[in-house]
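Please keep the sequence and the structure open while reading.

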Amino acid sequence: MTEFIDLITIIDLKNSECLNSEPSQEITNILKEEEDTNFITSDTDEQLLVNIQFKQKVKVHSIIVRAEGDGTGPQLMKVFQNQFSFGFEEAQSLKPTHKFKLIKRAITEGKLIRFKMVRFSNVGSLHLFFENNLGGGKVTKIKQITVVGVPLETTNISKIQSVEEKK
Amino acid sequence: MVLEACVILIDNSNHSRNGDFAPNRFLSQIDSINFIAGTKIQQNRVNTVGILAMSGRRPNLVLAPTNDVGQVLIATNKIQIEGKLDLISSIEIAQLSLKHRSNKEHAQRIVMFVASPLEEKKEDLEKIGSQLRKASISIDVINFGETERNEEKLSSLIDNANSGDNCHLLSVPTSTGLILADQIQGSGIFSSSSGGMGGDFGGSFGGGGYGGGMVDPNVDPELAMVLQMSLEEERQRQSRLQQENNNNSNEKESNDQKEEKKMDLEETEKESQNSNQNENIEQEGEDDMFSQLEGLTEEEQMELIMKMSLEEMGNQELEQLGMTKEEEEEKEKDPEVQNALQDEDLVDSILLSLPGVDPENEEITETIKNIKNEDNDKDQKEKEKEKENEND
């Protein structure tokens with residue numbers, strides 16, 4: 001079996017966005033390689049919508065959501081895939097591929113949230129709708145989101161040999 | 001210059017038949033829309049503008065977002081005055097249109113004209129304002145005609161939709177002699193999404209002359225700007241020369257020569273225009289020219305100018321030729337590619353991965369043989385040359 005990797009290198013950051021975040025914040029606050037002090041805060045209400053675009057099709061194995069344990073962490077997370085122009089109206093009316101109720105331990109300790117890989121075997125874009133938070137307040141904060149999986153078609157560069165060497 | 005997709009909402013309800021804004025509210029909106037669309041597209045050629053008529057049986061997207069100003073003019077003529085204003089649905093349809101914009105990099109904006117007394121509740125407007133803010137759509141509202149009645153509701157809409165001062169409310173009271181388009185232009189809010197550059201651009205291109213009608217500033221504003229600057233410098237230089245000539249007291253001759261020079265300079269500018277030079281380089285080249293010209297007589301100055309412009313053109317052509325030669329040489333000398341072509345297995349596998357190619361096909365096998373033969377010939381020629389060199 002191939003190894004699962006952090007898909008951060010395959011995420012197309014330019015075409016990924018977070019809706020209802022504070023205007024000054026950027027998507028790289030949560031889609032990043034290492035944990036740091038940046039995060040995304042929700043703006044108008046407690047809902048957040050993260051649209052992640054991948055550079056190529058991937059299989060998604062699991063996801064890690066990191067947040068604070070003070071009640072601003074997200075609770076209900078609905079996962080959609082391969083949607084076009086995904087906004088809050090679609091998020092609330094369409095049926096999600098997966099629905100998760102996150103617990104405090106999972107987000108503070110960064111535990112893997114396992115997906116059913118058969119359902120996520122050909123993902124071009126992933127949409128995470130955080131509908132409410134653990135504390136019930138008006139503000140939701142997320143520190144980091146890590147998507148774990150494997151890209152579908154790859155070329156293993158190290159296996160490409162020069163023709164002369166083969167002879 | 002911000003990348004922006006904008007949908008303009010026009011109030012074509014029966015209330016806009018009112019003539020308190022000359023000739024009537026509806027036509028003054030059309031005027032303003034043409035102005036706004038023109039300014040936004042002039043700021044950035046990639047900006048798109050759409051038009052939605054709010055009243056009627058249902059809100060009607062008259063023009064899908066486009067960056068063609070001509071389409072805007074055509075569309076505004078097709079709108080009819082009818083029905084009553086339906087604000088909430090209009091904003092939602094505009095939101096939908098913006099969501100499905102072709103270029104996701106564009107910032108989303110709605111510009112809304114309101115000329116009817118609003119019947120919607122304040123809470124509903126606040127709700128739609130927050131909805132716009134959530135979807136990161138900024139909204140500008142032009143409140144005219146029924147200003148006092150709508151002021152409170154519309155300002156609460158703007159407050160809820162505002163995040164960091166990207167939404168504006170322009171209230172134009174009904175007093176005689178006010179033209180809507182002028183008020184919008186004067187406010188400078190809609191001409192520029194960030195900063196006040198838009199108004200200045202419009203003024204300098206439309207107002208000041210652009211030198212003998214050579215370039216239409218709407219077609220190519222950057223080029224027009226460069227040409228304008230160089231012509232101004234030329235005029236300054238001429239005024240300096242005129243002072244010198246007055247001292248020399250050969251007035252008639254100098255005037256003729258000056259006219260010729262002006263024509264020549266315009267010609268050289270046209271030549272440089274045609275040779276597709278980078279505008280920055282053009283500007284710098286001309287600065288150098290003008291500084292050198294100061295100490296010379298007029299005839300020598302003319303010769304120098306002609307020489308310089310010819311040199312620049314010559315250099316450009318040489319550069320282009322040089323580039324292509326280098327590229328060809330690189331391709332020929334790539335040994336790895338040649339070796340790879342010799343390897344039949346590799347060639348077959350490459351051909352198999354191409355769709356619609358049958359490796360057994362005669363034509364393909366023949367062409368491959370020809371390529372190999374060419375390579376072999378080249379190799380042989382190279383080897384022969386090497387042998388000759390060794391013998392020498």
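1. Basis of the note. This is a predicted model, in which local features need pLDDT of at least 70, side-chain atom pairs count only at pLDDT 80 or more, and totals for chains, interfaces and linings use all residues. Residues are numbered from 1 along each chain as its sequence is written, chains are lettered from A and ligands numbered from 1 in the order in which they are written, and side-chain values use heavy atoms, with hydrogens and water left out.

2. Extent of the interface. Chain A gives 19 residues to the contact and chain B gives 16 residues, where contact means heavy atoms within 4.5 Å. The area buried between the two chains is about 1400 Å², and carbon and sulfur atoms give 48% of this. Buried area is the accessible area (1.4 Å probe) that two parts lose on being put together, summed over both. On the side of chain A, the most area is lost by A:Thr44, A:Ser85 and A:Val163, together 33% of what that side buries.

3. Four salt bridges are found between chain A and chain B; a salt bridge is a side-chain nitrogen of Lys or Arg within 4 Å of a carboxyl oxygen of Asp or Glu. A:Glu90 and B:Lys99 form a salt bridge, with 2.6 Å from N to O. In another salt bridge, A:Asp43 and B:Arg133 have their closest N and O atoms 2.9 Å apart. A:Asp43 lies in the loop between β3 (40-41) and β4 (48-66) of chain A, and B:Arg133 in helix α4 (residues 122-134) of chain B, so this pair joins two chains. Helices (H or I, at least four residues) and strands (E, at least two) are DSSP runs, numbered from the N terminus. Over all chains, the structure holds 17 salt bridges.

4. The sheet of chain B. In which order do the six strands of the open sheet lie? The order is β3-β2-β1-β4-β5-β6, with mixed pairing; two strands pair if DSSP finds at least two bridges between them. β3 (60-66) and β6 (168-172) of chain B are at the edges and have a single partner strand each, so one side of each is left without a neighbour in the sheet. Neighbouring strands are turned by 10° against each other on average, direction ignored. β4 (residues 107-114) and β5 (residues 137-144) of chain B run parallel and are joined by seven bridges. B:Phe113 stands opposite B:Ile142 in β5(B).

5. Helices on the sheet. Helix α2 (residues 69-78) of chain B lies across β2 (48-53) and β3 of chain B, at about 175° to β3(B). Helix α6 (residues 180-187) of chain B lies across β4, β5 and β6 of chain B, at about 140° to β6(B). Axes are lines fitted to C-alpha atoms, for helices over the stretch in contact, and angles run from 0 to 180 degrees between N-to-C directions.

6. A helix pair in chain B. Helix α1 (residues 25-43) of chain B packs against α6(B) at an angle of about 35°, with the axes 8 Å apart. Among the residues of α1(B) that meet α6(B) are B:Phe35 and B:Ile36, and those on the α6(B) side include B:Leu180 and B:Ile184.

7. A loop residue in chain A. A:Thr97 is in the loop between α1 and β6 (98-101) of chain A. The C-alpha atoms of A:Thr97 and A:Gln81 are 7.2 Å apart, although 16 residues separate the two along the chain.
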